[in-house]
Amino acid sequence: MADGGGDGLACHLPQDAIRASPSEPRQPAGPALLRALGTWDVSLITIGMIVGSAIFLAASIVPREMPQPALLIGLWCVGGLLSLAGVVTYAELGTMFPEAGGQYHFLKEAYGSLPGFLFGWTSFLVIQSGAIAYLAVASADCLGAFLPFFRSSHEVAAFPLGVTTLHVSGSQIGAAIAIAFLSAVNYSGLREGSFVQNAITVIKVISLVALVAFGLAVPSAVETPWNAVLPEQGFVRGLGVAMIGVLWCYDGWYQATYCAGEIRDPGRSLPRGMLIGTIVVTVLFILVNVVYLRALPTIDLGRSAGIGEAAAGALFGPRFAVLVTLAVFISAFGCLSSNVLTAARIYLPMAQDGLFFRSLARIHPVHRTPSACIVAQGVWSIVLAFSGTYEQLGTYVIFPMFLFHTATGAALFVLRRTRSNWPRPYRAWGYPWTPVVFILTSFAFATNTLMVRSIESMWGLLLMALGLPAYFWWRRTSVSANPS
């Protein structure tokens, strides 16, 4: 196939043609994952991953750094377009390797097993497990507004541990319950896990649509100064920080690729579902921010710890603000559900390749889920939740995360050259410019993170480097076990 721009949708190719390759991971004899997800499921997974608590909380970063309303809305449009550039890039790679693991396969096939392993290692250690811990604690804390036991300020117990003391809060106990519950649901079957995830996502989409509909229907609480002058000082810096806040809210659009091994028709459903989900979220995010601007002046929006609750209180009255707290809980819990469902799929192919704990290579013979991976992920996420270190660790891995995105985007070009005859059910729209935009954006944010948070970035690299001795040990063990 020529390397020009691809078609917008997918063409049909036999699954055997897509999957046949000597570089495929070694699949152990036994049950296989169940291909039961369709376009609808992929769309809801994508929406569920992107729409978390950030649009109700962290979105205040944007008006704080960029108080010009028209430009502020423009940044949310740009954020959606940049996310779509990432979607079409990952969609081509995901349809080339329609197996569980997503980025692990993309990096392994383009550069070798070490980069793929380091991605999986860092994901398990911090990126995915830390996100699960954070979302679980955040959702429990929101629940604490209705059930005070689960508030983070409620200390349940304290355990002296030598030089320090482990304080256990109600939100940590709630987080452990949520992680254990969702892990059990996803352990019991893909259909069960996707049903719960889809149901929660539909509810939170309805809540966002309701906020937009009522927020645009009621009279504006303030006059939005669309023609306000640009800030005189710190404009470039403010633009960059605001864009970080925007992209942080859009994060998660790529997670559906981790489940490609369980999609019925990945060549069609994966790109369609990711595109539909990201477009829906982009429209919702833009409209939600229009509602915010109708509720409060930008300076007050920027000062709000909970921008969604503050806006709802200004537009509908304080009694309705509690509904936003409920929406934040549903959104955080839904994002947690999506994360538990998708992230566990990263570690299965690593284990099957002999580059992770062999016990995690097991697919449940009845439920046909990566059961051991789900359990291991759940246990480690609960440990991180009780340790209270997940937020600090999260700042450490921002730099490696953007590096992995940059390398994954570049992998598309590498594979176009080295696997030019490889079946591509979907080809990235706008190639090569769309992937280039994604690569440059990811690299720019990696560079910015390194300059602004140098110490945290170095800690992130150290966490990733801790995987090197583990990689060589597992590789040697794997070679010894399979001398052929």
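## Where helix 17 meets helix 19

Phe 399, Pro 400, Leu 403 and Phe 404 of helix 17 meet Ser 457, Gly 460, Leu 461 and Met 464 of helix 19. Sorted by class, this contact has 6 nonpolar residues, 2 polar ones and no charged ones. Since you are new to this structure, please keep in mind that the model is predicted.

How do the two helices cross? Helix 17 covers residues 398–418 and helix 19 covers residues 454–465; their axes come within 7 Å and cross at roughly 65 degrees. Angles from 65 to 115 degrees count as roughly perpendicular, and helix 17 and helix 19 are therefore roughly perpendicular to each other.

Follow the chain onward from helix 17 and you come to the loop between helix 17 and helix 18 (433–452), where Pro 432 lies. The peptide bond that joins Tyr 431 and Pro 432 is cis, with omega at about 5 degrees.

Now for a pair of strands. Strand 1 (residues 155–161) and strand 2 (residues 164–169) run antiparallel and pair over 6 bridges. To trace the pairing on screen, look for Glu 155, which stands opposite Ser 169 in strand 2, and then for Pro 160, which stands opposite Thr 165 in strand 2.

## Gln 172 in helix 7

Helix 7 spans residues 170–188, and Gln 172 is one of its residues. Gln 172 has a relative accessible area of 7%, so it is buried. Leaving out residues up to four places away in sequence, Gln 172 touches His 167, Ala 385, Phe 386 and Gly 388.

## Helix 5 and its cover

Helix 5 takes in residues 103–111 and is mostly covered, with 8 of its 9 residues buried. Which residues of helix 5 are buried? They are Gln 103, Tyr 104, His 105, Phe 106, Leu 107, Lys 108, Glu 109 and Ala 110.

The cover over these buried residues includes helix 4, helix 6 (113–143), helix 14 and helix 17. Helix 5 is followed by Gly 112, which has a positive phi, near 115 degrees.

## Ser 83 in helix 4

Helix 4, which is among the helices that cover helix 5, runs over residues 69–96 and holds Ser 83. Is Ser 83 buried or exposed? Its relative accessibility is 3%, and Ser 83 therefore counts as buried. Apart from neighbours within four places in sequence, Ser 83 is in contact with Tyr 250, Trp 253 and Thr 278.

## Helix 10, end to end

Helix 10 has 30 residues, numbered 266–295. At 1.5 Å a residue, helix 10 should span 44 Å, and its end C-alpha atoms are 42 Å apart, so the two values agree. How many of its residues are buried? The count is 23 of the 30, so helix 10 is largely enclosed by the rest of the structure.

Helix 14 spans residues 347–352 and includes Tyr 347. Tyr 347 has a relative accessible area of 0%, so it is buried. Not counting residues up to four places away in sequence, Tyr 347 touches Gly 120, Ser 123, Phe 124, Gln 128, Ser 129, Phe 356, Cys 373 and Gln 377. The C-alpha atoms of Tyr 347 and Glu 262 are separated by 15 Å, with the two residues 85 apart along the chain.

Between helix 14 and helix 15 (371–387) there is a loop, and Arg 368 is found there. Arg 368 is a residue other than glycine with a positive phi, near 55 degrees. Its relative accessibility is 31%, so Arg 368 counts as partly exposed.

## Gly 394 in helix 16

One last stop is helix 16 (residues 390–396), where you will find Gly 394. At 26% relative accessibility, Gly 394 counts as partly exposed, because buried means under 20% and exposed means over 50%. How far is Gly 394 from Glu 262? Their C-alpha atoms are separated by 29 Å, and the two residues are 132 apart along the chain.

Methods
Residues are numbered from 1 along each chain as its sequence is written. This is a predicted model: local features need pLDDT of at least 70, side-chain atom pairs count only at pLDDT 80 or more; totals for chains, interfaces and linings use all residues. Side-chain values use heavy atoms; hydrogens and water are left out. Axes are lines fitted to C-alpha atoms, for helices over the stretch in contact, and angles run from 0 to 180 degrees between N-to-C directions. Helices (H or I, at least four residues) and strands (E, at least two) are DSSP runs, numbered from the N terminus. Angles under 35 degrees count as roughly parallel, over 145 as roughly antiparallel, 65 to 115 as roughly perpendicular and the rest as oblique. Contact means heavy atoms within 4.5 Å. Ala, Val, Leu, Ile, Met, Phe, Trp, Tyr, Cys and Pro count as nonpolar, Asp, Glu, Lys and Arg as charged, and the others, Gly among them, as polar. Two strands pair if DSSP finds at least two bridges between them. Buried means under 20% relative accessible area, exposed over 50%, partly exposed in between (1.4 Å probe, protein chains only). The expected span of a helix is 1.5 Å times one less than its number of residues.
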